[in-house]
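This briefing goes through one structure by topic. Have the sequence and the 3D view open while reading.

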There are 2 protein chains.
Amino acid sequence: MTKIKRDTSKKRTAILDAAQKAFMEFGYENTSMDQISELADSSKRTVYNHFPSKDELFEAVLERFFQEASELKNIPYDKQQSLESQLEKFIDAKIIVSKNQEWLGLMRVAMSVFILNPQVAEEMMDRIHKMDDHLAKWFEAAKKDKKLKFSKSDELSELFYAGVSGLFFWPVILGAKIPDKKVKSLKKTYIDNFLKVYRSH
Amino acid sequence: MTKIKRDTSKKRTAILDAAQKAFMEFGYENTSMDQISELADSSKRTVYNHFPSKDELFEAVLERFFQEASELKNIPYDKQQSLESQLEKFIDAKIIVSKNQEWLGLMRVAMSVFILNPQVAEEMMDRIHKMDDHLAKWFEAAKKDKKLKFSKSDELSELFYAGVSGLFFWPVILGAKIPDKKVKSLKKTYIDNFLKVYRSH
DNA sequence: ACAAAATTACACTGACCAGTTTACTTTTAC
DNA sequence: GTAAAAGTAAACTGGTCAGTGTAATTTTGT
């Protein structure tokens, strides 16, 4: 009665890759399951054997994507390094999406879908909050190290990320191209201002 | 040979209203011209007589919407009032969308479409930059009044609005419900921090 | 080697939808 | 009052697409 299972991860991955590429290029609504199966060198039936619906395939693509992306964001507090350079790393992690054309495309589709689907968006907000956690922990460590002074670390990370998103993430999602030079100077100003308020003296 | 023209604005408005309502509720892709014509108490043919395509109807809806919305955002510098209360007005103007369920719905659709259509998004960015102009002018006036110190007013308004968007606009677009109490305290913190850096002493 | 598991090809269902056609009725400016 | 302008009803075209059914073929673990 025990089911013999075989390794189907190759096709599965091929389908996920194809779906990611298609969604990225055409958006959710304008990508068809036929396109995806063709791109994956598979039959449509196989696609449906792996994923019960277009919806769930899309979610699986996002799942994988956010998994990969979130691995970049755990930056431990380091006494040896300046606060500036460490905060810059958090910003870089947040905006790395804009450096990779593929990620950017997928992030766009993800955002456009989230905006229209509040319930799906909620999962998204959870992810964002988990990212905030990393930063909040970093703030706590810096506080213990007597380098920062503040009351609530979660509010602080919300505040910090809000500015970063508004400056670097959303404009790029909406198609703006920010020159590296400007990114650099904005980052510096932003971090300096932040530390002017919260650094302990 | 002169064409006799009759007033068709009533039907036209009814169609725009219906389209706005439908797009708001279902998004662009999931709204059909049949739905719109039914909601407008008109025939589909009449819809097409007024607007040559679904695309152009959508743009007409947005045009009207942004026209209305942009009238709220010109706040003149006033020596008599505190910097705090005036900056708060800029924030309120930016987030007023979230107070009106209709506007919010339409803004969501607009954003989801903009994200996937870079060329349409560009028009949008122009509008945003015009809003930035009002704030930049306000900053210049405050500088002349020796209440603020900074070098570039356009960079400063970008910085200011980035945080506001990241804190209040995008989360709401993505479905977050921020309690009034939290909005209030975040606004205060945000403005205080800003003034800690840029107020002249 | 072989049987179960996985995959394929492809036709098919049922639905939706942008935009058009046509023949008709209603409205309104003069 | 009338003729042109505006609007209507409903069927139609041509297309797309999510998801299914099926019978056949290929793969693979043992």
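**Contacts with the DNA and the space between the helices**

A backbone N or O atom of B:D41 lies 3.5 Å from a phosphate oxygen of DNA strand D. The model is a predicted one, and the distances given here are computed from its atoms.

**DNA strand D**

- Around DNA strand D there are 19 residues, and the closest of them are A:R6, A:M33, A:K44, A:K54 and B:R6.
- Of the atoms of DNA strand D that come within 4 Å of the protein, 60% belong to sugar and phosphate.
- A:K44 reaches a base: a polar atom of its side chain lies 2.7 Å from a base nitrogen of DNA strand D.
- Helix 3 of chain A and helix 3 of chain B each supply at least two residues of the surface near DNA strand D.
- Sorted by class, the surface near DNA strand D has eight charged, eight polar and three nonpolar residues.

**DNA strand C**

- DNA strand C has 20 residues around it, and A:R6, A:K11, B:R6, B:K44 and B:R45 come nearest.
- Sugar and phosphate make up 59% of the atoms of DNA strand C that come within 4 Å of the protein.
- In the side chain of B:K44, an N or O atom is 2.7 Å from a base nitrogen of DNA strand C.
- The surface near DNA strand C is made up of nine polar, eight charged and three nonpolar residues.

**The protein chains**

- Chain A contains nine helices and zero strands, and its pattern along the sequence reads α-α-α-α-α-α-α-α-α.
- Along the principal axes, the C-alpha atoms of chain A fill a box of roughly 65 × 45 × 30 Å.
- Chain A is superposed on chain B by a rotation of 179 degrees with 0.1 Å of shift along the axis, and the RMSD is 0.4 Å.
- This is the relation of a two-fold axis.
- Both copies use the same surface, since 100% of the contact residues of chain A recur in chain B.

**The largest cavity**

- Empty space left among atoms can be found by rolling a probe the size of a water molecule over them.
- How many cavities of 30 Å³ or more are there? The count comes to one.
- The largest cavity holds about 270 Å³ of space.
- Its lining has 16 residues, and those nearest the centre of the cavity are A:Y190, A:N193, B:Y190, B:N193 and B:F194.
- Which elements each supply at least two residues of the lining of the largest cavity? They are helix 8 (153-173) and helix 9 (180-198) of chain A, together with helix 8 (153-173) and helix 9 (180-198) of chain B.
- Twelve residues of the lining of the largest cavity are nonpolar and four are polar, with no charged residues.

Methods. Residues numbered from 1 in each chain as written. Chains lettered and ligands numbered in written order. Predicted model: local features only at pLDDT ≥ 70, side-chain atom pairs only at ≥ 80, totals over all residues. Heavy atoms only, no water. 1 Å grid on protein atoms, 1.4 Å probe; cavity = no way out; pocket = protein on both sides within 12 Å on 5 of 7 lines; lining within 4 Å. Points joined across faces, edges and corners; volume = space filled by probe spheres on them. Helix = DSSP H or I, 4+ residues; strand = E, 2+ residues; numbered from the N terminus. Nonpolar A, V, L, I, M, F, W, Y, C, P; charged D, E, K, R; others polar. Near = heavy atom within 4 Å. Polar contact = N/O pair within 3.5 Å; in protein donor to acceptor, adjacent residues only side chain to side chain. Least-squares fit on C-alpha atoms with pLDDT ≥ 70 in both. Contact = heavy atoms within 4.5 Å.
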